[in-house]
Amino acid sequence: MIISGCCTCCPANLKPVLFAKIFSAYPFDFLHRFVLCTGMCFSIQALYQLYFDPDMEHKNVAQKWLTQAQASAQAWHFCWALLSPDKIPEVQFFGASTLHTKISRHWSDLAADQHESLRTQLLSHILQFSSGPKMVLTRLCVALASLALNVIPQAWSQPVADMVRAFQPHKPDPEDGSGAKASQDPHAHCLTLLELLTVLPEEFQSSRLAQARRGQLREALAGEWAVVCPLLRQLMQSQDSSSQVKEKVLQCLSSWVALDVPLGEIQELLQDCFTALSDPELFDAAVETIVNAISQPDCQRYINALLSLMPLVLGLYDQLKTAAQDGDMETSHGICRIAVALGETHSRVLLEQVDHWQEYLALVNMILFCTGIPGHYPVNETTSSLTLTFWYTLQDDILSFEEEKQSVYLQVYRPVYFQLVDVLLHKSHYPSQEEYASWSSDDKEQFRIYRWVWSYYSFSLIEIWRLTLIMYHTDNLSSMTNTNFTNMFSWLCRVDISDTLMYVYEMLGAELLSNLYERLGRLLMDPQQSAVWQDTEALLFGFQSIAETIDVNYSDVIPGLIGLIPRINISNILLADTVMYTIGSLAEWLADHPVMLGGILPMVLQGLAKPELSVSSVSTLKRICRECRYDLGPYAQEILTVSQDVLVKEVHKSSQCMWLMQGLGFLLSALPSEEILGRLHSLITPHIQQLDTLAQQELNATNKQSIIHIVGMLASLFTTLDINRQADCLEGAASSRLPAPQSTQNPVVVVLQQVFTLIQTILSKWLHDSEVVEAVCGVFDKSVRTLLHDFGPMVPQLGEMLGEIYSAFPQASALDLARQMVHIFAGEEHHISHIRSLTEVLTSTTLTIFQQGPRDHPDIAESFMDLHAQILKRKPDLYLSEQLDVKALFYCGILSLKFPETPTVKAASQFFTEFLSRCKDMPSFGDVLQRDGKLLTETVLQAVGGESPSSLTEHFSEVLLNLSRHCPALLSQWLKETLQTPGFPCAQVTAEQKHTFSQQLLREQTNKRRVKEIVKEFALLCRGLQGSGYSDY
């Protein structure tokens, strides 16, 4: 589509393809040198390309050109031409947006004597567009709001009053044909005025302003509320106001309350908002306005106004119940938002109003109704999730009172929390099988998260119940056997109880948990009740959550629960899933009661064979193997047999196979040493045989994924198979143990040596595939991290292989594995020669990459810097070798600092941190620093000055700090020499600012935080952002 130009020679008559070439070849600043018409027409044609040209390349070129056009000085002029009535809305919108851009970002370009005429012209155009298009009108209003923020209060003392006067109805001028229609439409004028008043506070909130200027403007705008308030009240109460006007009034009020307008001054308007809730057309806007108004923290200063809102909110209870009964989710959602906003934001203030405790209790009960609103989340309702933070807030506020007040409040709110626990249990019930099957996968996932959120919250009630237990113990012990309190206690047991209350907890807990256990027992023994699997699942879900969070060794209920679990029919997958998770949550208890393992393990292994229970069954078996490993000897063969079967049959997805192998690693670690190797061979032989077969087959995607899967399983197994690991070691934690003398090699080392040739064969065929190489390196990396010094026998052959594969095809994973080997073995004399040889080969190959240009290999640059940082830290003597060119390494570090990728720059900064700390001890390092330190300083300053993303400034400050710390005199000289160059590191900073930066930097040699601040401020100066507000955030 092409718009006709203003004349035959106008560029608007050219073809779009030609325009794309022109836009690509010439920036706006060149094209505007023609007549003004040319600049405008080029902009119009660029807009057509942006909106209507299907070619994305043309769109991108047009977008870039238009951005340049908006930033140009000519934009002040051609934007008005783009707003002419004969232009299409898209062009007019760009004109209005350009005007806003110029006012908000280039205000200083405009002379002060032009401000008044610009304001008048803007108001005139806003009147002209009062009947639409809406998007143009709104943008013009935003532009005027931005203008107002630039001149208030000095040059425009009463902006709102002037705006109101400008939009007052007046008699049309017969001679003015263009504006007559707009002037005769008071409804459009009213909506336009409200739009203008709405965007004024919004523009203030979104603008980046200096702190002092923001305070000045806030005060000035607050003074304008005296004009806005009566206008809004008049429009809300007028019978002539349409629903459209009233909706706009509500939006306007919502915008102004964000300026901390006193609650007492909007009290009457809020009453009008509550009245508007009965109008379906105004309901959503009224809810938003009320919530915004009463959510302002400053409202707590106006207690009487808050109390006056309580009857209005409670008056919505009947409407809420009706909406819930009718399934009106939007209405119930909106009313719930209002109730929660009042109850949560002002919980403590309202609690303190003891004369009004009944009203606040009624509000709490109203919110409790919202929590238990009928239906399943998120399919039938979405309201209950809104109330979660309210219960946290109420709990915290009650517990923040002194003990005497706490006692009073707990007596009042204790029954509410009893009901809350029952409600949460009910809300966690699954729907019927048929209904659940009809849910989308997204709904199911949201419901799963919802259940766990409620579970987590329910257990956070521990502080409430901790004090409640004391009160019950002293007031009414007999009442604790009722069902509500049983449910309460099932949620209570989430966290440990303080030693001072342990007696009360133990005395009451046994009875209450027994009651919960009896409920489960009755369900399982009664055929009719057990048919309702949701009830059983909910109780198990409660038990599971308890066991996840407290030490259940003190409860005598758990043995009975363990005895009941095998009675559960796990044919229902959802119930079976919870059964598996419940068993897993009891893994620590089973470790202290291993006699119970025999009754529970068959159920877990049964679940392991079901793909639908993949995640729950595998994670449960892994937890049992980790926690109970030393008691699983009698069951080891059965576990290994079933696990091997499901692995061979590929019952589980790859990630679950990895978990399963980790669990089996724990299991094997605890077996007698003479049994480990044999059982390990039995476990992995089928997979090694498959790997051998794959190694002989052709290269394709299927074979590749199979190889990565098998190698990944071996890596997972070797992550946890550690015969030296102590029983209380955490998974994956590396101890600092020294190598223990052993008569036989570690089983993992034996296996790795046996399959080493096979691994070499795989690498020879897949060497150019980074994923396969990474997977193979992962096997050795996991093994060395787990075995530490026990991995020593593998060092010679692994080091040789790493050097060969990296020389043939460099990949970051090989460097990462080498770094791990340096970390463990660089300090051992009998391995140092192998480490040195490996380091020399890797360094030589990587230097070649840097000589050829490393930009396409940020991962290699990162890993190379990490490797040498580790060498500097663990064994700097390696650099005494003539094969390691320290000067070349220094240059590699400088090149790495120029990368835009954060990990690479971070690694380079760590390299220089270690390098600079060694300069005094290593003469060769000092020589390189003397010769090339200026280049390093210059590179860092260029990066800070704008050549690198601002997000990397923190890492560059690390380098500057270490230069200042280890060679302050040299840094002073380098800063002086580099910064005295005009325009370096950028044209925006003055010589005085550069001098100040140097002095501040040289004064700091230890304070890392202060250096970061200094470098950040200098980076902002270089980017022209100082004072823009970025430094305030």
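Which residues are buried in helix α14 (residues 267–276)? They are Leu269, Leu270, Asp272, Cys273, Phe274 and Ala276. Buried means under 20% relative accessible area, exposed means over 50%, and partly exposed lies in between (1.4 Å probe, protein chains only).

## The model and its chain

This is a predicted model, in which local features need pLDDT of at least 70, side-chain atom pairs count only at pLDDT 80 or more, and totals for chains, interfaces and linings use all residues. Residues are numbered from 1 along each chain as its sequence is written, and side-chain values use heavy atoms, with hydrogens and water left out.

The chain has 51 helices and zero strands. Both are DSSP runs, numbered from the N terminus: helices are H or I with at least four residues, and strands are E with at least two. Of the 1033 residues, 53% count as buried. Take the contacts between residues at least 6 apart in sequence: 74% of them join residues at least 24 apart. Contact means heavy atoms within 4.5 Å.

## Around helix α14

The buried residues of α14 pack against several helices. These are α12 (211–237), α13 (243–257), α15, α16 (303–314) and α18.

Two of these partners also pack against each other. Helix α15 (residues 283–294) and helix α18 (residues 329–345) meet at an angle of about 10°, with axes 9 Å apart. Axes are lines fitted to C-alpha atoms, for helices over the stretch in contact, and angles run from 0 to 180 degrees between N-to-C directions. The two helices are therefore roughly parallel; that label covers angles under 35 degrees, while over 145 is roughly antiparallel, 65 to 115 roughly perpendicular and the rest oblique. On the α15 side, the contact includes Phe283, Val287 and Ile290. On the α18 side, it includes Ile335, Ile338 and Leu342. By class, the contact has nine nonpolar, three polar and three charged residues. Here Ala, Val, Leu, Ile, Met, Phe, Trp, Tyr, Cys and Pro count as nonpolar, Asp, Glu, Lys and Arg as charged, and the others, Gly among them, as polar.

The largest nonpolar core has 184 residues. Such a core is a set of buried Ala, Val, Leu, Ile, Met, Phe, Trp, Tyr and Cys residues joined through side-chain atoms within 4.5 Å. Those with the most contacts inside it include Val579, Leu717 and Phe915. Its largest share, 11 residues, comes from helix α39 (residues 747–766). Domain 4 (810–918) and domain 5 (931–1032) both give residues to this core, so it lies between them. The domain bounds come from an automatic or database assignment.

Leu717 has contacts beyond its neighbours within four places in sequence, among them Met661, Leu664 and Ile684. Apart from this core lies another, of 119 residues, including Met163 and Phe401.

## Details in the loops

A cis peptide bond joins Gly132 and Pro133, with omega about -5°. Pro133 lies in the loop between α7 (115–128) and α8 (134–151). A cis bond also joins Tyr377 and Pro378, with omega about 0°. Pro378 lies in the loop between α20 (357–371) and α21 (388–399).

Glu650 has a phi near 55°, a positive value in a residue other than glycine. Its loop runs between α35 (636–648) and α36 (654–669). Leu788 has a positive phi of about 55° and is not a glycine either. Leu788 is in the loop between α40 (770–787) and α41 (795–808). Is each buried or exposed? Glu650 is exposed, at 59% relative accessible area. Leu788 counts as buried, at 7%.
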